[in-house]
Amino acid sequence: AQMGTIHYETFDYPKSLSMFQKAYLIYQKVGQESISNYTLYNIGKCKIATEEYADALQIFLQIKEWAEKNNQALYSNCCNMLLQIYENTGDYHSLKTLIDKDFSQLCSTNILALKTLSTQQYLIGNISKARSYTDSMWRYAQDCNDSIAILFHCYRLEKQANNYLSALKHYERVMHIQDSIVRYNLQQPLISAQRDFYQAEAEVS
């Protein structure tokens, strides 16, 4: 599972998926239900990263059903992942249903809360209000991943509003940041990533 995390953080999603799947089988055999579901959650994240949305959807729906009665933190995280899947696949009916049913679970972070409100306003046709919420997201951005999430959200909103030039500009900014991240990680050997990961684990414990 730790190797799965390392490969995921260095964008090697196929190896990450393989490691998490092996860990999941072991946790299942020894009856570790809670850890099994967290590991399955990471498998779902890998599926999203490789755009296997149908598989990811089934995984998160399965975990969400278990977590609703057993683990509220994991339940909230599943709602967040489902929101991302529905947005990425353009399934706005399911997205609206999820927002209406589980809005409180979708507000685990300031960025996510504003993103959800922005999406909600877009769904009812209030584009200017949706953009207002999106602009407010920037005050809470802390790293490249936050920036990518906000820019990609802007790209989708502008594309759906038929503002293709604005959508293209946001998409190009996403590509620029992602290229920078990939370049950096390609320059870092896996052993360095392992060292940093285990050092961080030691400091936490």
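Q: Which class of accessibility does F11 fall into: buried, partly exposed or exposed?
A: The model is predicted: local features need pLDDT of at least 70, side-chain atom pairs count only at pLDDT 80 or more, and totals for chains, interfaces and linings use all residues. Residues are numbered from 1 along each chain as its sequence is written, and side-chain values use heavy atoms, with hydrogens and water left out. Buried means under 20% relative accessible area, exposed over 50%, and partly exposed in between (1.4 Å probe, protein chains only). F11 has a relative accessible area of 35%, so its class is partly exposed.

Q: What is the phi of F11?
A: Most residues other than glycine have a negative phi. F11 sits in the loop between α1 (2-9) and α2. This residue is not a glycine, yet its phi is positive, at about 65°.

Q: Where is E51, another non-glycine residue with a positive phi?
A: The phi of E51 is about 60°. With 58% relative accessibility, E51 counts as exposed. Its place is the loop between α3 and α4 (53-70).

Q: How many helices and strands does the protein chain have?
A: Helices (H or I, at least four residues) and strands (E, at least two) are DSSP runs, numbered from the N terminus. From that end on, the elements run α-α-α-α-α-α-α-α-α-α-α. The count is 11 helices and 0 strands.

Q: How are α2 and α3 oriented to each other: roughly parallel or roughly antiparallel?
A: Axes are lines fitted to C-alpha atoms, for helices over the stretch in contact, and angles run from 0 to 180 degrees between N-to-C directions. The axes of α2 (residues 13-29) and α3 (residues 33-49) come within 9 Å and cross at roughly 160°. Angles under 35 degrees count as roughly parallel, over 145 as roughly antiparallel, 65 to 115 as roughly perpendicular and the rest as oblique. So α2 and α3 are roughly antiparallel.

Q: What is the make-up, by class, of the contact of α2 with α3?
A: Contact means heavy atoms within 4.5 Å. Residues of α2 in this contact include Y13, L17, F20 and Y24, while those of α3 include I35, T39, I43 and C46. Ala, Val, Leu, Ile, Met, Phe, Trp, Tyr, Cys and Pro count as nonpolar, Asp, Glu, Lys and Arg as charged, and the others, Gly among them, as polar. By class, the contact has 11 nonpolar, 6 polar and 1 charged residues.

Q: Which residues does T39 contact, leaving aside its neighbours within four places in sequence?
A: T39 is in helix α3. At 4% relative accessibility, T39 counts as buried. Its contacts are F20, A23, Y24 and Y27.

Q: What is the handedness of the crossing of α3 and α5?
A: The axes of α3 and α5 (residues 72-89) come within 12 Å and cross at roughly 15°, so the two helices are roughly parallel. A crossing is left-handed if the near helix is turned anticlockwise from the far one by less than a right angle, and right-handed if clockwise. Here α3 passes α5 in a crossing that is left-handed.

Q: Which residues of α5 meet α3?
A: By class, the contact of α3 with α5 has 8 nonpolar, 3 polar and 1 charged residues. From α3 come N37, Y38, Y41, K45 and I48. From α5 come A73, L74, N77, C78, M81, Q84 and I85.

Q: Which residues are in contact with N37 once neighbours within four places in sequence are left aside?
A: N37 lies in helix α3. Its relative accessibility is 9%, so N37 counts as buried. The residues in contact are I63, W66 and L74.

Q: Which residues of α9 make the contact with α8?
A: The axes of α8 (residues 127-137) and α9 (residues 144-160) come within 10 Å and cross at roughly 165°, which means α8 is roughly antiparallel to α9. From α8, the contact uses A130, R131, T134 and M137. From α9, the residues are I150, H153, C154, L157 and E158.
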